[in-house]
Amino acid sequence: MSPQDPPVVSVRDLAKHYPLRSWWGGKGSVFRAVEGVSFDIRPGETLGLVGESGSGKSTIGRAVTMLNPPTSGTIAFEGTDLATLSAGAMRRMRARMQTVFQDPYAALNPRMSAGDYVAEAFVLHRREMRGPERREAVAALFQRVGLDPRFMGRYPHQFSGGQRQRICIARAIALKPSFIVADEPIAALDVSIQAQVVNLLQDLQDEMGLSYLFISHDLRMVRYLCHRVAVLWRGRIVEMAEADVLYADPRHPYTRRLLAAVPLPDPAAERARLAARDIGRHDQPPDGPLTEVAPGHWVAMPRIEAA
Amino acid sequence: MTKPLLDVRDLAVAFDTDGGAVHAVNGVSYTLREGETLGIVGESGSGKSVHVLAMLGLIPRPPGRITGGQVLFEGRDLLALKERELQKIRGGAIGFVFQDPMSSLNPGMTVAAQIVEPLRIHLGLDARGARARAKDLLDLVRIPNAAARLDQYPHEFSGGQRQRVMIAIGLSCRPKLLIADEATTALDVTVQAEIVALVQELKRELGMAIIWITHDLGVVAGISDTVQVMYAGRILERGPVDDIFADPRNAYTLGLLRSLPDLSGSRAGRRRLHQIEGAPPDMRHLPPGDPFAPRNAFATPRCRAEMPPLSQAHGAAPGHLVAAWYDLPKLLAAEAVR
Amino acid sequence: MSTGTPIAETTALAAPAGSPALLQEPGTLSAFWRRLRARPSAVAGLVIVGLLILMAVFAPWIAPYDPTATDWGNVRGAPSLAHPFGGDEVGRDVLARIIYGARASLGAGLVSVALAVSLGLPLGLLAGYAGGWIDGAISRLTDALLAIPFLILAIALAAFLGPSLVNAMIAIGLSATSTFIRLTRAQVRAVAAEEFVEAARALGNPPWRIAIRHILPNIVPAILVQATLTIAAAIIAEASLSFLGLGQQPPEPSWGAMLNTAKNFMDQAPWMAIWPGLSIFLAVLAFNLFGDGLRDALDPRQRT
């Protein structure tokens with residue numbers, strides 16, 4: 001990974017609007033779920049997308065993969081503008097870009113065996129593969145994500161949450177994609193299982209040079225896992241920087257508030273944090289254009305200060 | 001030491017399913033003093049929520065069964081009480097707040113109606129008195145403009161405000177014990193911070209005891225006097241909060257603390273996340289000994305055969321109890337030498 | 001890291017709430033059998049259904065007489081050792097006619113429901129998954145079908161094509177189609193909102209494959225339950241049509257047609273009415289018991 005490599009994903013001025021019906025059924029205003037979002041993800045890089053519920057982070061994840069195409073803006077994936085692709089070409093493109101969903105209980109088809117679920121990637125995109133060859137490839141994927149290949153015939157309800165997420169990951173990497181959107185991949189998992197899945201994601205990145213868009217509300221895990229982090233507030237990026245820089249030197253008031261809210265697993269420090277907190281303050285974060293305050297560190301500056 | 005407010009003795013709960021009995025709680029014993037805040041940490045299936053629901057008579061029976069034990073609250077065994085008497089305690093001397101503020105509130109009733117109800121039942125207030133107290137309660141949980149908001153419906157409140165309303169209802173009858181079950185899990189982190197700070201302040205003002213159930217070690221660190229770690233329906237470790245975090249004696253507690261991301265230094269130099277191998281046990285077929293033994297690198301043959309009792313940890317602070325046959329500090333020291 | 005045993009991470013209380021459309025827990029047939037066997041009424045229903053089907057299939061070997069052969073010595077004959085169920089108005093053996101009549105009744109039930117499912121399932125799938133104007137068109141068609149009274153449709157068909165068992169089956173099947181369109185459509189819409197359908201799209205599944213491979217298997221249980229219950233209704237419908245002379249034509253036996261002739265001899269030969277009446281009752285009850293048990297076994301949560 002180096003800054004000179006062309007980005008895998010390049011998002012420019014992404015917007016997603018939903019029409020709001022007025023009460024008489026006529027055309028009303030629009031709800032701007034996402035507005036003016038731009039970012040690049042370089043090969044082998046993990047970009048973290050953090051924000052609270054309603055900030056638009058999942059909307060962006062689904063727009064980037066065209067599962068829920070944006071209202072406006074461009075998404076260039078490996079140099080191709082995804083909006084120009086036909087439905088069939090887009091489906092073929094999905095071999096290169098995958099998604100790992102939040103809830104491994106919901107993301108698996110309850111009536112498909114784990115092996116069939118993973119094999120579907122080959123059935124769709126490697127049609128020349130024969131049955132035995134496919135079986136072998138699936139078994140290798142099971143092994144790779146830490147599942148016993150003997151479980152290929154089992155159904156989702158026979159697996160634990162962590163195992164299910166491994167099945168989803170096996171399917172996502174089956175076609176050796178270059179980019180994976182991980183939409184809250186550990187939020188539904190138990191604490192003791194989260195580390196297993198994060199380590200797996202990281203190993204796969206090292207091995208395959210994957211790029212991730214890691215969507216999460218877990219600010220500690222984001223800091224640990226991500227190279228760069230973008231902070232979303234009401235559908236806009238308010239700050240974006242290298243993870244270490246962002247956490248050490250947050251510039252935007254919302255970023256500060258968000259980071260200050262993270263509980264610390266250290267009794268003395270956490271008690272001090274709670275005691276110092278000034279609760280009930282709802283700053284209206286300033287909302288201006290993104291400005292590069294330091295190399296690679298972008299902040300939505302208050303208009304008044306920017307002027 | 002003051003007398004215990006709550007004394008749980010050997011509580012056991014099972015659920016009958018098509019696939020056999022699920023042993024959700026397997027002999028849980030502990031005491032809670034007046035004014036004490038107990039943080040209970042555990043994963044899904046640890047029994048942390050089920051055991052509290054069971055003592056309040058809130059598990060569906062069947063399929064649920066309380067298979068043993070006593071729960072003494074101010075000296076009275078809650079498990080032996082008739083449903084009518086239990087109802088008086090629930091929402092009265094024991095208030096509770098659950099995870100999902102949306103589904104815990106009735107969407108078709110105004111907030112006032114839902115706060116007033118327990119006040120009239122438990123405190124016997126008249127309509128006017130109950131309404132005045134409801135307004136005071138919304139003030140107490142810092143909902144601005146309380147008098148006007150009383151007549152609004154739950155959907156007119158934000159998620160955080162709804163949880164404040166739930167806390168107001170939980171506190172409405174001046175409980176001696178407030179039980180919060182994953183009360184901030186569904187909330188955004190900034191809202192969680194506000195709710196936790198609010199509960200801290202209310203505790204200082206009102207002095208009730210709190211049982212705070214969560215999977216988040218960070219939240220527990222800040223608000224607890226005592227921490228109790230549960231796994232597979234058992235207490236594996238329990239002690240003063242600072243001691244548990246600084247000197248964990250059970251391998252599961254240690255694993256949980258170690259699996260938190262290391263955020264020191266720069267990203268490049270950081271170690272890989274520590275991971276606890278394996279998955280929680282099948283609660284229908286629990287291993288014979290320590291339920292964590294199959295995932296525990298430190299486990300001895302005895303751990304696999306026999307459940308260790310919860311007893312004072314050697315050389316640890318008084319009241320720091322652990323269920324372990326092994327001596328964790330010794331093993332860690334040996335590991336460090338290697 | 002994987003352990004050899006399936007893991008129950010959730011207690012009974014924390015069981016993940018799924019959509020009612022998904023008849024879980026799916027998977028192993030043995031688990032399904034265990035749940036079905038736990039319901040004695042369902043097992044009884046299944047056994048009776050099985051026996052009735054065997055009776056219909058092996059009628060030529062079981063029946064003591066030719067069901068259309070007349071015997072002047074047995075006209076309205078009371079039950080006897082030679083004719084345990086008695087004889088009808090032209091001396092045919094009632095037992096033989098009951099046994100052969102099962103072919104008409106069960107056949108009508110199965111064929112008409114098969115017709116209804118084979119029309120209703122694809123249309124419902126299309127309406128539920130495609131949405132838009134296709135959904136609108138199919139839904140209006142369903143409303144129109146529901147607006148035609150079943151008997152009028154049957155009488156019209158009989159008028160155009162002549163009364164016969166086949167035409168009765170067609171009339172019954174067409175009438176039941178709207179039920180299956182509606183059920184399928186509702187189920188598809190519920191399943192289509194599940195995350196695994198989005199996951200299927202994310203992998204690059206074309207729409208037809210999502211419908212067939214991902215949605216269809218998840219709605220089959222609900223269709224199966226409805227089909228079983230509809231068979232019971234179809235058996236009654238066939239009996240009604242035959243009773244009115246719009247179904248099975250003489251001299252071929254059908255329980256409904258037998259009741260039709262029996263009504264003229266109620267005081268002289270009540271056995272002519274009792275046996276076909278009991279047969280209809282038993283068959284309908286069996287299918288209903290089995291259908292209810294099936295629903296419980298396939299979806300334990302749907303119990304009230």
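Biologist: How many helices and strands does chain C have?

Modeller: In this predicted model, the secondary structure of chain C comes to eleven helices and zero strands. Read along the sequence, the pattern is α-α-α-α-α-α-α-α-α-α-α.

Biologist: What share of chain C counts as buried?

Modeller: Of its 304 residues, 46% count as buried. Residues 24 or more positions apart make up 70% of the contacts in chain C with a separation of 6 or more.

Biologist: At what angle do H5(C) and H7(C) pack?

Modeller: About 145°, with their axes 9 Å apart. H5 covers residues 132-147 and H7 covers residues 165-192 of chain C. H5(C) passes H7(C) in a left-handed crossing.

Biologist: Which residues meet there?

Modeller: From H5(C), Ile138(C), Thr142(C), Leu145(C) and Leu146(C). On the H7(C) side they meet Thr177(C), Ser178(C), Ile181(C) and Arg182(C). By class, that contact has four nonpolar, three polar and one charged residues.

Biologist: Where is Tyr65(C) found?

Modeller: Tyr65(C) is in the loop between helix H3 (59-62) and H4 of chain C.

Biologist: Why does Tyr65(C) count as partly exposed?

Modeller: Because Tyr65(C) has 19 other C-beta atoms within 10 Å, and a buried residue needs 20 or more.

Biologist: What is Tyr65(C) in contact with, leaving aside its neighbours within four places in sequence?

Modeller: Asp93(C) and Ala96(C). As for Ala104(C), that residue is 39 residues from Tyr65(C) in sequence and 18 Å away in space, C-alpha to C-alpha.

Biologist: Switching to the core. How many residues does the largest nonpolar core have?

Modeller: The largest nonpolar core has 268 residues. The largest share of this core, 18 residues, comes from helix H4 (residues 94-130) of chain C. The residues with the most contacts inside the core are Val118(A), Leu213(A), Phe214(A), Val229(A), Val231(A), Ala168(B) and Ile211(B).

Biologist: Take Val118(A). What is Val118(A) in contact with, again leaving aside neighbours within four places in sequence?

Modeller: Val138(A), Leu141(A), Ile167(A), Ala170(A), Arg171(A) and Ala174(A).

Biologist: Now chains A and B. How many residues of each are in contact?

Modeller: 38 residues of chain B are in contact with 39 residues of chain A. On the side of chain B that touches chain A, the elements giving two or more residues are helix H8 (189-206), helix H9 (217-223), helix H10 (241-246) and helix H11 (251-258) of chain B.

Biologist: Which one gives the most?

Modeller: H8(B), with nine residues. The residues on that side of chain B divide into 18 nonpolar, twelve polar and eight charged.

Biologist: What does H8(B) span?

Modeller: H8(B) has 18 residues and reaches 25 Å from its first C-alpha to its last, close to the 26 Å expected at 1.5 Å a residue. Gly207(B) follows H8(B), with a positive phi near 70°.

Biologist: Which residues of H8(B) are buried, and what covers them?

Modeller: The buried ones are Val189(B), Val191(B), Gln192(B), Ala193(B), Glu194(B), Ile195(B), Val196(B), Ala197(B), Val199(B) and Leu202(B). Their cover includes helix H7 (219-225), helix H9 (253-260) and helix H10 (267-276) of chain A, together with H5, H7 and H9 of chain B.

Biologist: And H4(B), what should that helix span?

Modeller: H4(B), residues 111-123, has 13 residues, so at 1.5 Å a residue the helix should span 18 Å. Its end C-alpha atoms are 18 Å apart, which agrees. The residue after H4(B) is Gly124(B), with a positive phi near 65°.

Biologist: Which residues of H4(B) are buried?

Modeller: Val111(B), Gln114(B), Ile115(B), Val116(B), Pro118(B) and Leu119(B). The buried residues of H4(B) pack against helix H5 (127-140), helix H6 (146-149) and helix H7 (159-171) of chain B.

Biologist: What about phi of Arg234(A)?

Modeller: Phi of Arg234(A) is near 50°, a positive value in a residue other than glycine. Arg234(A) is in the loop between strand S9 (228-233) and strand S10 (236-242) of chain A. With 17 C-beta neighbours inside 10 Å, Arg234(A) counts as partly exposed.

Note on methods:
Residues numbered from 1 in each chain as written. Chains lettered and ligands numbered in written order. Predicted model: local features only at pLDDT ≥ 70, side-chain atom pairs only at ≥ 80, totals over all residues. Helix = DSSP H or I, 4+ residues; strand = E, 2+ residues; numbered from the N terminus. Expected span 1.5 Å × (residues − 1). Buried ≥ 20, exposed ≤ 12 C-beta atoms within 10 Å, placed from the backbone. Contact = placed C-beta atoms within 7 Å. Core = buried A, V, L, I, M, F, W, Y, C linked by C-beta atoms within 7 Å. Nonpolar A, V, L, I, M, F, W, Y, C, P; charged D, E, K, R; others polar. Axes fitted to C-alpha atoms, helices over the stretch in contact; angles between N-to-C directions. Left-handed = near helix turned anticlockwise from the far one by under 90°.
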